[in-house]
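Me: I have just opened this structure and would like to learn how to read it. Could you take me through some of its features, one at a time?

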Amino acid sequence: MSDPKRPHFNLKRYRAAHSVRPRGTQNGETDGLTPLMKAIKAVHSATSTGSTRPEDLERQRSAQELFGRLAAPNLLIRTSPLTIGSVSAEWVQVNHGHDRRHVVLYCHGGGYTCGQLTYARVLAGKLALASGCDVLSFEYRLAPESPYPAAIEDAVRVWDYLMYMGYGAQEIILAGDSAGGNLALELALTIKEQGRRQPRAMILMSPWTDMTMTGESYQTCLELDPMLTPDYINSCRTAYRGEAEMPDWADPRLSPLYADLRGLPPTLIQVGTNEILRSDSETLRDRLASQEVHAVLEVYEECWHVFQQMPVPQASRAMESIGRFVQSVL
């Protein structure tokens, strides 16, 4: 296992090292990038600049809101809003008979700077359909307005609400994508630190586990990733940390990859081959396994960050696999 005290990521040095495009690229894209991923890259570049200026964040958040309204499977699910303390939340349920004994607690992605209930409804609806369980999603406070530890405080509040409503920890499956995967891991680690029981299982889709930005895929997938860039990830991690005093980006409160993972529940991890965050998933699987946690990693060919959101065959296969995983652990 590598030393958790890894060197800090130097963004200026990284940009200089990659200023010359690799052979076979045109306009910063590799010839191997599929037309679909080129289209995704174009759309994502127009709405997600990596800036955390108020006007840019407002545009990114509005784009996610629109995406959620267009992409959520509204004909197959119903939603019920609620407020947990000061946290806006939503039950997402399928419109037919389903398992009411278990619940999926879903943490949405968005780099800790974006994401609302409408945006979360896309994957929350798919999780409800795949698992056959009710899904509870929530709107945690976002950075830079509310940096660390606001999101984890809200996640713990929602977990406590489920306990108050009579769910046992073993009746809850914890799920998250991207920054929501980071939040799901941090929630599991927090309740472990509190001496409380772990959820039944975890489902992590393209989780952001390592804020040091030193994974090998930051280089190997730099020109292949249609969604994420080092600039974007650096802006999100900086906004999320805020003024919190951390020794470095490998602090387990930011990068759960470097935490003591022993005792965490069985975990399914899904990631695409073209993600610069692919190493976050691969190394997480290795560290979970080395600490005697059952972990399954699924790597989907020619797929991008949180591809499960999109209406493509790979997403359907991934959600079917999630459904099988849920049934195997219940």
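**Reading the features step by step**

Reply: Let's begin in a loop: Val306 lies between β10 and α10. Helices (H or I, at least four residues) and strands (E, at least two) are DSSP runs, numbered from the N terminus. This is a predicted model, in which local features need pLDDT of at least 70 and side-chain atom pairs count only at pLDDT 80 or more, while totals for chains, interfaces and linings use all residues. Residues are numbered from 1 along each chain as its sequence is written, and side-chain values use heavy atoms, with hydrogens and water left out.

Me: What is the phi of Val306 near?

Reply: Most residues other than glycine have a negative phi, and most peptide bonds are trans. Val306 has a phi near 50°, a positive value in a residue other than glycine. Glu302 lies in the loop between β10 (295–300) and α10 (313–329), and its phi, near 55°, is positive too.

Me: Is Val306 buried or exposed?

Reply: Buried means under 20% relative accessible area, exposed over 50%, and partly exposed in between (1.4 Å probe, protein chains only). Val306 has 4% relative accessibility, so it counts as buried. Glu302, at 36%, counts as partly exposed.

Me: How many aromatic pairs does the structure hold?

Reply: A pair of aromatic rings is described by the distance of the centres and the angle of the planes. Rings of Phe, Tyr and Trp (its six-membered ring) pair if their centres lie within 6.5 Å; planes under 30 degrees apart count as stacked, over 60 as edge-to-face and the rest as tilted. The structure holds seven such pairs. In one of them, the ring centres of Tyr112 and Tyr240 are 3.8 Å apart and the planes are at 10°, so this pair is stacked. Tyr112 lies in the loop between β5 (99–107) and α4 (117–131) and Tyr240 in helix α8 (residues 230–241), so the pair ties together parts that are 128 residues apart in sequence. Both tyrosines are buried. Tyr112 and Tyr240 also belong to one aromatic cluster, together with Phe138, Tyr140, Tyr148 and Trp208.

Me: Which residue lies over the face of Trp249?

Reply: A charge sits over a ring if NZ of Lys or CZ of Arg is within 6 Å of the ring centre and within 35 degrees of the ring normal. Here Arg241 lies over the face of Trp249, at 3.9 Å from the ring centre.

Me: How many bridges join β5 to strand β6?

Reply: Two strands pair if DSSP finds at least two bridges between them. Five bridges join β5 to β6 (residues 133–139), and the two strands run parallel. Val104 stands opposite Val135 in β6. β5 is mostly covered, with seven of its nine residues buried.

Me: Where does Met205 lie?

Reply: Met205 lies in strand β8 (residues 201–205) and is buried, with a relative accessible area of 0%.
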